[in-house]
Structure formats: structure tokens, C-alpha cells
Amino acid sequence: MRWPDEAESAGSGRPWPEALETARLGGSPAHRPDDSLAFIPFLAHLETLKTAPRAQWPALDGALLAGAREAARHLDDAGQRWGWVLYGLGREQHAYALVARLLTDPATRDIGADLAREACHGWRAAPVELLPRLVRHCGQGISPAMAGALTTASISEAAMRAHGALMATIPFTPYPRARRPSGSPPPYDSATAAAALRARPVDTGRLRDAPEIFGALLDTGPLTFRQAAQLYNLTFKRPGRMQAVCAPMWLRHAGPAALARLLALMTPHLGD
């Protein structure tokens with residue numbers, strides 16, 4: 001499928017194929033009354049960046065930055081997806097520079113915070129590098145995106161050793177995981193958990209609430225073949241914090257026979 005460029009789309013008078021392309025890219029538009037198709041070029045550039053040659057990276061980087069404000073208005077996971085692509089390309093230093101730039105603009109600050117959170121998931125040095133920048137741009141209030149990034153960065157002992165005093169200057173108490181109030185219903189049942197996985201590709205590298213989603217399914221019965229493939233990819237295919245989150249779920253699914261492989265996978269990271 002060829003992506004139409006913005007000029008071509010505008011000249012033709014035909015809208016972007018929103019439903020088709022959003023489904024293809026796995027986009028998560030935040031449905032608001034004033035939704036437009038302005039986020040589609042951002043997703044198109046992000047998809048192109050995944051496989052583009054290095055010579056095209058600067059132009060695509062510029063296009064993504066130019067579209068960041070619209071993406072912030074219409075997408076609830078733009079920073080997260082941007083982080084996935086940069087991690088896949090191994091662009092660690094660029095991710096840090098991009099976070100710093102996005103955080104300086106209040107309109108794109110939440111995208112920058114979400115990108116920082118993904119960087120902290122992917123690169124060991126990211127929490128130490130990014131925590132001061134996050135604190136610097138907290139402002140008067142801490143948005144949910146900023147709180148998530150601060151929480152993820154503060155899980156790193158190295159980051160807290162280096163910047164604990166700085167964290168103490170803001171009204172924020174980091175918790176590795178928010179606890180559900182006693183007596184409140186679980187966030188997923190088997191039906192909503194299955195629906196969440198159907199909306200994700202088989203080779204997904206990140207899944208928010210993965211323990212809750214797979215836990216709800218495993219509580220009611222075995223995983224389907226597709227669900228098991230998704231859990232396998234989350235556990236074994238991409239190094240990072242998601243492996244630690246999903247390893248116990250894989251043990252529940254595969255049983256004691258998987259224990260030796262999981263121990264071999266996780267033991268080198270016990271000090272992290």
C-alpha cells in the first residue's frame with residue numbers, strides 16, 4: 001500500500017482512510033468531538049521511519065516534530081509509539097534529545113513524558129539521563145503522563161542515587177505500582193482482556209497492563225494460540241522491563257517446564 005502525501009490528499013478532496021490506516025498502524029486515536037484526520041500523517045511518518053534508510057531519518061524526524069502538536073491533540077499514545085520505533089532503531093541518544101525538546105513545549109510535554117517512559121523501559125541509562133529533565137519540566141501540576149514517566153524513572157536505583165535530592169524538590173512520591181483500592185473490581189475480566197489483545201498485533205513489544213490482561217485470561221482458562229504467541233513475544237523477544245513483567249505470566253501459561261528458561265532469561269538482570 002502506498003501512503004498518499006498530504007498535498008495529494010488535500011488536492012484530491014478525499015479524506016485520509018482513517019479507519020483502514022489506524023487499524024493497520026495500531027493507532028489509538030483519542031475520540032473527541034473535534035477529532036480530525038490530522039494525526040494520520042504523523043502515524044504515516046512514524047511507520048515509514050521503522051524501515052527507512054539512515055539518509056532519510058533527518059527528514060522524517062523533522063516531519064514528526066512538525067506533527068507533534070497535532071499528534072498530542074488527537075492521539076493518546078503518540079509518545080509511546082515514537083519510543084518503540086526509536087528503540088527498534090537503536091537511536092538512544094536521539095531519544096534523549098527528542099525528549100528534551102518535546103518537554104520544553106507545554107503542548108507536547110505529555111508526548112515527551114511518554115517517550116521518556118518508553119526510553120526508561122528500553123535503555124538502562126535512560127532513567128539517570130532523563131530524570132532531571134522530567135523534574136525540570138513538572139511545572140505547577142504533574143500530569144498523568146509525567147507521573148508515569150517519573151514513576152518509571154524512579155524505579156531505577158541508579159537514578160535515585162544520582163537524583164534523589166532533585167526528586168525531593170517536587171510534590172511527587174514515586175511508587176513502582178499503584179495499588180488498587182481494597183474492594184474495587186479488577187480492571188479486566190476475560191472478555192475485556194481478550195478484546196485488548198485482539199486490538200494488538202501478535203508481535204507486540206509493549207502492552208500496558210500486561211499482568212492484569214493475561215492474569216484475567218489465565219484465571220478463566222488456557223490462552224488461545226494467538227494470545228500465547230503475544231505473551232511469548234512480550235516475554236522473550238525484546239529485552240527490557242516488559243520481560244520481567246510478563247515472565248510470571250508465561251510461567252503460569254507454560255508450567256514448570258518453562259522455569260529453567262525463565263531463570264536463565266532473568267537471572268542476569270537481578271541486580272537491575
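## Salt bridges, helix packing and selected residues

Arg 133 and Glu 129 are four residues apart in helix H9 and are therefore separated by about one helical turn; helices (H or I, at least four residues) are DSSP runs, numbered from the N terminus. The model is predicted: local features need pLDDT of at least 70, side-chain atom pairs count only at pLDDT 80 or more, and totals for chains, interfaces and linings use all residues. Residues are numbered from 1 along each chain as its sequence is written, and side-chain values use heavy atoms, with hydrogens and water left out.

The side chains of Arg 133 and Glu 129 form a salt bridge, defined as a side-chain nitrogen of Lys or Arg within 4 Å of a carboxyl oxygen of Asp or Glu. By this rule the count comes to eight salt bridges, among them the following.

| Pair | Closest N to O separation |
|---|---|
| Arg 73 and Glu 70 | 3.1 Å |
| Arg 206 and Glu 118 | 3.3 Å |

Arg 206 lies in the loop between H12 and H13 and Glu 118 in helix H8, so this pair ties together parts that are 88 residues apart in sequence. Arg 206 is buried, with a relative accessible area of 2%, and Glu 118 is likewise buried at 5%; buried means under 20% relative accessible area, exposed over 50%, and partly exposed in between (1.4 Å probe, protein chains only). Arg 73 and Glu 70, by contrast, both lie in helix H5 (residues 68–74), three residues apart. Arg 73 is partly exposed at 42%, as is Glu 70 at 30%.

The loop between helix H12 (190–198) and helix H13 (210–220) also holds Asp 209. The phi of Asp 209 is near 65 degrees, a positive value in a residue other than glycine. Most residues other than glycine have a negative phi. Asp 209 is partly exposed, with a relative accessible area of 33%.

Trp 123 occupies the loop between helix H8 (109–122) and helix H9 (126–136). With 12% relative accessibility, Trp 123 counts as buried. Its C-alpha atom is separated by 9.5 Å from that of Gly 90, 33 residues apart along the chain.

Helix H3 (residues 39–51) and helix H6 (residues 78–89) pack at an angle of about 15 degrees, with their axes 9 Å apart; axes are lines fitted to C-alpha atoms over the stretch in contact, and angles run from 0 to 180 degrees between N-to-C directions. H3 and H6 are therefore roughly parallel to each other, a term for angles under 35 degrees.

Note on methods
Helices (H or I, at least four residues) and strands (E, at least two) are DSSP runs, numbered from the N terminus. Angles under 35 degrees count as roughly parallel, over 145 as roughly antiparallel, 65 to 115 as roughly perpendicular and the rest as oblique.
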